Amino acid sequence: MTNTAGVGAATVLRPVSELVTTYRRRVAVVRRAWRAVAVSGLALVLVSGGCGPVHDDEITVYAAVSLRDAFTEIAREFEETRSNTRVVLNFAGSQVLRAQIERGAPADVVATADDVQARQLEAAGLLAASPRTFVENALVLAVPADNPAGIAHLTDLAAPDVRVVMGIADVPVGRYARAALERYAAVNGRDGFVGAVLDNVVSFETNARLVAAKLELGVVDAGFVYRTDVLASDGALVEIALPPQAAIAAPYPIAVTKRGAGREAASAFVDFVHSPVGQRMLASHGFRPAG
């Protein structure tokens with residue numbers, strides 16, 4: 001009887017333990033399944049709403065650094081008119097933008113601070129169409145608001161101990177500055193004037209915003225920037241009027257690149273920049289209508 005009872009107990013206990021194990025396995029499977037469903041649902045929420053709007057189209061705009069404030073505003077307004085389009089902005093000196101595009105950078109639209117860089121891109125076959133001037137800027141002589149060196153005229157830049165800052169020769173603002181000095185010297189017969197000013201240059205910068213930054217810091221006495229840079233300084237800089245012989249207008253061309261060719265959003269952005277709305281925004285930042 002004892003042996004029979006023992007056998008019977010063993011026979012009963014074995015199926016129960018197996019049932020418990022099976023039950024636990026099934027619970028684990030169900031939990032994993034629900035966990036997977038929950039993760040999938042969370043992922044769906046993140047994709048559909050948690051990560052912001054989904055854009056059907058994205059364009060990359062390369063623009064001269066002096067356009068930073070204006071183009072940031074224009075891009076924001078453009079996106080509001082086209083809720084499915086996102087604009088990615090890249091700002092740098094015009095010569096840097098050209099070099100980046102020549103090396104295959106993903107630009108759909110390019111806007112430079114002079115014709116030279118844009119024409120070089122066109123000659124290299126990197127633009128979908130000829131660049132069109134959409135606005136103009138003006139080269140100005142600027143000084144810190146307190147004007148410690150007492151600069152009142154272009155000729156003061158040749159005085160001893162005056163610290164001048166300007167762009168390097170191959171960037172638009174630097175080339176315009178040299179042209180202004182050379183024009184003034186030629187008209188007024190001032191031999192040696194250009195050399196005297198260049199001898200006073202203590203810093204050559206790669207774009208107009210860096211020139212403006214040196215002026216705002218007060219580490220130099222005067223420098224050549226764009227009128228838009230003076231306006232963007234919030235009173236930190238003051239413009240000194242250039243003589244008519246030294247006046248320089250800086251055209252800003254824009255074009256769709258070969259990469260952006262056929263992309264409706266790229267062409268639409270260029271059209272928006274030329275539109276009355278885009279032109280009003282540019283004017284609010286100190287730019288002048290083209291022509």
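Colleague: Which residues of helix H7 are buried?

Modeller: In this predicted model, helix H7 spans residues 208–217, and its buried residues are Ala208, Val211, Ala212 and Leu215.

Colleague: What puts these residues on the same side of H7?

Modeller: They cover an arc of only 95 degrees around the axis, and therefore they share one side of H7. In general, an α-helix has 3.6 residues a turn, so residues three or four places apart point the same way.

Colleague: What makes asparagine 207 a cap of the N-terminal end of H7?

Modeller: A side-chain oxygen of asparagine 207 lies 3.1 Å from the backbone nitrogen of arginine 209. After H7 comes glycine 218, whose phi is positive, near 75 degrees.

Colleague: Why is glycine 174 called buried?

Modeller: Glycine 174 lies in helix H5, residues 172–188. Its relative accessible area is 0%, and buried means under 20%, so glycine 174 is buried.

Colleague: With which residues is glycine 174 in contact, leaving aside its neighbours within four places in sequence?

Modeller: Glycine 174 is in contact with Gly167 and Ile168.

Colleague: How many residues has the largest nonpolar core?

Modeller: That core has 61 residues, and Phe134 is one of those with the most contacts inside it. Beyond its neighbours within four places in sequence, phenylalanine 134 is in contact with residues including Leu67, Phe71 and Leu282.

How values were computed: Residues numbered from 1 in each chain as written. Predicted model: local features only at pLDDT ≥ 70, side-chain atom pairs only at ≥ 80, totals over all residues. Heavy atoms only, no water. Core = buried A, V, L, I, M, F, W, Y, C linked by side-chain atoms within 4.5 Å. Buried < 20%, exposed > 50% of the residue type's maximum accessible area, 1.4 Å probe, protein only. Contact = heavy atoms within 4.5 Å. Helix = DSSP H or I, 4+ residues; strand = E, 2+ residues; numbered from the N terminus. Arc of directions from axis to C-beta. Polar contact = N/O pair within 3.5 Å; in protein donor to acceptor, adjacent residues only side chain to side chain.
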